[in-house]
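Reader: I would like to go through some of the labels attached to this model and ask how each was reached.

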Amino acid sequence: MAALIAPSILSADFANLERDLGRIADADYAHVDVMDNHFVPNLTLGLPIFERLAKVSPVPLDAHLMIENPDRWAPAFAEAGAASVTFHAEAAQAPVRLARELRKLGSRAGVALRPATPVEPYLDLLAEIDMILVMTVEPGFGGQSFIEGTLPKIRRAREAVSESGLDVWIQVDGGVSRETIERAAEAGANVFVAGSAVYGAEDIPAEIATLRELASK
Ligand code: DX5
Ligand code: ZN
């Protein structure tokens, strides 16, 4: 399966976001972590900055909304030009209605699961979404270590997607690096978010190429 690499700009220089988006021009997506200091204990950026990023980014934006009340806020990120908008299952009131709204606005729709959130309740709804994001760390911060116990959930999600015949992507986010990406790929992920591994590398394009190669084997 072709591996898609989505570096997270959470590990970029927030005073130089346009420059740092340019550094990942070889990637498939730029992953933008939106945190509201309520759903997670950290605060990053919101819609006004996201709108500007969408205008200057050389790669499509993959918005990861770690916010309360995504039903209210997520559509605006699609309207701002996000190629993909992922909201958290734990925060959404009406995930199917929200996914339909995002798709109608021309965005892909993703549902994110914290490490302790089971995937089973979503497996009957695969036709309504474009991606499942299996968080491989507790959301909120970059630079944490990959939780190996999430691998069976990735596997279950991949099995269900294969059985369904639908083209639903499985994304992993958190602690993804040269050391962990092969296990995530082997379990069935096809979209890989990496923040510190990419922006911490000496040669960013080479790191993206290496991660893509390791995940494509
Ligand atoms: C964490 C964010 C991630 C973060 C990953 O809550 O959702 O996207 O940037 O960072 P690394 O790759 O350093 O674990
Ligand atoms: Zn993220």
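Author: Gly142 lies in the loop between β6 and α5, where helices (H or I, at least four residues) and strands (E, at least two) are DSSP runs numbered from the N terminus. This is a predicted model, in which local features need pLDDT of at least 70, side-chain atom pairs count only at pLDDT 80 or more, and totals for chains, interfaces and linings use all residues. Residues are numbered from 1 along each chain as its sequence is written, while chains are lettered from A and ligands numbered from 1 in the order in which they are written.

Reader: Why is Gly142 called buried?

Author: A residue is buried if 20 or more other C-beta atoms, placed from the backbone, lie within 10 Å of its own, exposed if 12 or fewer, and partly exposed in between. Gly142 has 20 C-beta neighbours inside 10 Å and therefore counts as buried.

Reader: What makes Phe141 partly exposed?

Author: Phe141, in the loop between β6 (131-135) and α5 (151-164), has 16 C-beta neighbours inside 10 Å, so Phe141 counts as partly exposed. The UniProt annotation "binding site", from an unreviewed entry, covers both Phe141 and Gly142; such annotations may be inferred rather than shown by experiment.

Reader: How do you know that the buried residues of α4 are on the same side?

Author: In helix α4 (residues 95-104), Pro95, Leu98, Ala99 and Leu102 are buried. They cover an arc of only 100 degrees around the axis, which puts them on the same side of α4, the arc being that of the directions from the helix axis to the C-beta atoms. On the other side of α4, Arg97 and Lys104 are exposed.
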